[in-house]
Amino acid sequence: MFLEQLARTDLNLLIILQVLLEERNGSRAARRLHLSQSAVSKALGRLRETFDDPLFIRSAYGLDPTPRALALQQQLQPVLLCLDTLLQPPSFNPESSEREFVIASMDSAFTLFAPLYLNELKRRAPRIRLRYEEWTEHSLTEMGQGQVDIAITVRENCLTSDFRQDTLPGTICQRLLAIDNLTCLVRQGHSALTELRWDLARYLAYPHVQTYCEGRDRWMLDHKLAEQDLQRRIEATVPSFEAALRMSMHSDMIVTLSRLYARHATQVYPLVQLALPIALDSISHLLIWHQSHEADPGHRWLRETLLTLILDKLDKPEAA
């Protein structure tokens, strides 16, 4: 019987294999597993015997998985996610739980939404731990692997965009936090503020700072301009919206960003808002999570609490 075969197998080896596949580095895998490098090396030896394959080849960059290891990864991830769900306690008590939740978001989303929920969330669950990670092009995959619990991201409501809500994988659950639009920010004293006519031609005449996010440095705005054979003069590309704000503060570069985030930025930084002189579709701020967490009581408590606190604090679900 298959159960008898499983009984003769050390299932901890599968966990070590998964971590090695994620880290591609023996030292990092050992740290994550709280094991010595020697123990991980011995476990890899046993895994190679079990699967009759070298599984990893050493290279200058770490451990490169063999085709057999990559095939195992596709089967292993859903199995471990199911086991994780099986081992979760049947109930969740926020007052006593010490569970860690991993939340992924862009820096703008963290700045915009965390103040709306953080204080009350910790009051209701004082011992939970929150670990924040940057939202990247790999975050959806990490959610499927169980490495990220929940995320706040932005989607473009443009029919020609590849980053619409309906392009998210079917395994991703989502709830709308806010509908938003784009606007511009410039430093105080910027010559654009004295333009007699603020139009698209003047907007394009100035330098711009662009945020690189989710593997992209071109957005809905740039694609819309390209349809008219136009483009912005992007003089700097930075990895975060916070960096873009600081670049704009100390130069003539215009930063284009969400109106909700701009509202926050003008309260904190010496920046002034200008209308975006081109008609664009709206964007959506979304709370998303993987469907494997749907029945998890702790996860359900987290997402329902976040939704309630955020929507209660925002002026309304649709940003003016």
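**Buried residues, sheet and cores in a predicted model**

H190 is placed in the loop that runs between strand 7 and helix 8 (200-205). In this predicted model, the residue has a relative accessibility of 1% and therefore counts as buried, the cut-off being under 20%. Once residues up to four places away in sequence are set aside, H190 touches Y206, S251 and D252.

Strand 7, at one end of that loop, also belongs to an open sheet of five strands, whose order is 9-8-10-7-11 and whose pairing is mixed. The edges of the sheet are formed by strand 9 (233-238) and strand 11 (271-274); each has a single partner strand, so that one side of each is left without a neighbour in the sheet. On average, and with direction ignored, neighbouring strands of the sheet are turned by 35 degrees against each other.

On the side of helix 6 the contact is made by D107, S108, T111 and L112, and on the side of helix 11 by L260, Y261 and H264. Sorted by class, the residues of this contact comprise three nonpolar, three polar and one charged.

In soluble globular proteins, nonpolar side chains tend to be buried together. The largest nonpolar core of the model has 60 residues, and those with the most contacts inside it are F113, Y117 and L245. Helix 6 (residues 107-124) gives the most to this core, contributing seven residues. With neighbours within four places in sequence left aside, F113 is in contact with I152, L177, H285, I310 and L314. Another core lies apart from the largest one; it has 21 residues, including L33, V40, L55 and L80.

L63 lies in strand 2 (residues 62-65) and, with a relative accessibility of 5%, counts as buried. Beyond its neighbours within four places in sequence, L63 is in contact with L20, R24, N25, G26, F56, I57 and R58.

R24, one of the residues in contact with L63, is found in the loop between helix 2 (12-23) and helix 3 (26-33). Although R24 is not a glycine, its phi is positive, at about 55 degrees, and its relative accessible area of 31% makes this residue partly exposed. A positive phi, of about 50 degrees, is also found at D52, which is likewise not a glycine. D52 is situated in the loop between helix 4 (37-51) and strand 1 (56-59) and is exposed, with a relative accessible area of 70%.

Note on methods
Residues are numbered from 1 along each chain as its sequence is written. This is a predicted model: local features need pLDDT of at least 70, side-chain atom pairs count only at pLDDT 80 or more; totals for chains, interfaces and linings use all residues. Side-chain values use heavy atoms; hydrogens and water are left out. A nonpolar core is a set of buried Ala, Val, Leu, Ile, Met, Phe, Trp, Tyr and Cys residues joined through side-chain atoms within 4.5 Å. Buried means under 20% relative accessible area, exposed over 50%, partly exposed in between (1.4 Å probe, protein chains only). Helices (H or I, at least four residues) and strands (E, at least two) are DSSP runs, numbered from the N terminus. Contact means heavy atoms within 4.5 Å. Two strands pair if DSSP finds at least two bridges between them. Axes are lines fitted to C-alpha atoms, for helices over the stretch in contact, and angles run from 0 to 180 degrees between N-to-C directions. Ala, Val, Leu, Ile, Met, Phe, Trp, Tyr, Cys and Pro count as nonpolar, Asp, Glu, Lys and Arg as charged, and the others, Gly among them, as polar.
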